[in-house]
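Student: I would like to take a close look at a single part of this model, and I would be glad of a connected explanation.

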Amino acid sequence: MYLYHFGFREFPFGLTPDTDYFCALPAHVDAMNTLLVALATGEGFVKVVGEVGTGKTLLCRRLLDKLEASHHCAFIPNPYLSAEALRFQLASELGLRVARDTEQGRLTNMIERRLIKLRGEGKPVVLIVDEAQALPDETLEALRLFTNLETEKRKLMQVVLFGQPELDARLAQPHLRQLRQRITFSCHLRPLSRAELKAYVHHRLSAARANPAHPVPVTLSWAAWRVLHAYSRGIPRLINILMHKALIILFGERRYQIKRRHIRLAALDTDDIHLSWLAGMWRRI
């Protein structure tokens with residue numbers, strides 16, 4: 001499409017969480033540092049909350065990469081599981097081969113023995129759950145009970161929950177107060193400021209260059225930066241969508257500078273923006 005025109009080796013604003021495009025912005029760096037400190041100190045539960053599209057899954061993948069050498073990581077990307085299904089999924093992630101008709105009490109004992117073995121091998125176990133706001137109550141309780149397993153000094157398994165703001169609302173319920181009290185570290189991923197948005201866009205444009213020695217030919221006018229931040233609300237996923245569509249328009253015109261009208265056209269073609277509160281501000285942006 002526009003790769004050759006702009007000198008890119010791949011699309012710079014893809015929606016898949018590619019860790020090669022991780023941008024070390026303050027909110028994400030702070031969250032990563034908090035996660036690493038919490039896991040190093042052996043805390044049972046850690047929570048990362050952010051609005052849709054703020055980069056939770058990318059941060060999750062980045063954390064998995066960092067822990068790969070020192071920890072045994074179990075990853076559950078789709079948490080809409082019953083407590084029983086969670087136990088089977090966890091057993092699989094821990095390398096256990098279990099018959100589907102295994103009794104739940106026996107399965108729990110097998111998981112506990114496996115956790116003890118991994119701890120003895122110097123491989124702490126971290127369970128990472130993405131989209132944790134979708135966990136049923138019984139499954140959250142099953143997770144809490146697993147974090148009761150511990151030696152005299154450390155938990156046998158630590159849990160990191162990544163979720164949307166609805167996760168906080170779920171955990172505020174009185175019947176989940178026991179789990180809520182186990183969460184010792186929490187991080188919040190906020191939308192990007194305008195300065196952070198600029199750094200984010202420049203980072204992705206540079207990372208996608210086919211020849212790192214060549215400068216990126218794409219520029220944005222002052223007005224384009226302003227409306228990009230306004231329409232995207234600083235949410236990385238929306239930034240990616242708008243920039244990708246603006247580059248398509250720019251390629252069609254055989255130009256290299258993104259202007260205000262390119263971002264406006266991209267926004268009009270994006271449902272989340274067109275139907276949002278910003279839709280009533282078209283004339284003011």
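Student: Which residue in S5 does Gly 50 stand opposite?

Tutor: Bearing in mind that this is a predicted model, we can say that Gly 50 stands opposite Leu 189 in S5. That pair belongs to the setting of strand S1, residues 45-50, which runs parallel to S5 and is joined to S5 by 6 bridges. Both strands are part of an open sheet of 5 strands, whose order is S2-S3-S4-S1-S5 and whose pairing is parallel. At the edges of this sheet are strand S2 (72-76) and strand S5 (183-189), each of which pairs on one side only. If we ignore direction, neighbouring strands of the sheet are turned by 15° against each other on average.

Helices also meet the sheet, and two of them can be followed here. Helix H4, made of residues 83-93, packs on the sheet and touches S2, strand S3 (125-129) and strand S4 (157-163), while its direction makes about 140° with that of S2. Helix H6, residues 137-146, lies across S1, S3 and S4, and runs at about 150° to S4.

Finally, we can turn to the largest pocket, which has a volume of about 390 Å³. It is lined by 23 residues, and the closest to its centre are Leu 15, Gly 53, Gly 55, Leu 58 and Arg 237. Helix H3 (56-67), helix H9 (194-207) and helix H11 (236-253) each supply at least two residues of this lining, which by class has 9 nonpolar, 9 polar and 5 charged residues.

Technical notes. Residues are numbered from 1 along each chain as its sequence is written. This is a predicted model: local features need pLDDT of at least 70, side-chain atom pairs count only at pLDDT 80 or more; totals for chains, interfaces and linings use all residues. Side-chain values use heavy atoms; hydrogens and water are left out. Two strands pair if DSSP finds at least two bridges between them. Helices (H or I, at least four residues) and strands (E, at least two) are DSSP runs, numbered from the N terminus. Axes are lines fitted to C-alpha atoms, for helices over the stretch in contact, and angles run from 0 to 180 degrees between N-to-C directions. Contact means heavy atoms within 4.5 Å. On a 1 Å grid over the protein atoms alone, a cavity is a set of points where a 1.4 Å probe fits but cannot get out, and a pocket is an open set with protein on both sides within 12 Å along at least five of seven lines; lining residues have an atom within 4 Å of a point. Grid points are joined across faces, edges and corners, and a volume is the space filled by probe spheres set on the points. Ala, Val, Leu, Ile, Met, Phe, Trp, Tyr, Cys and Pro count as nonpolar, Asp, Glu, Lys and Arg as charged, and the others, Gly among them, as polar.
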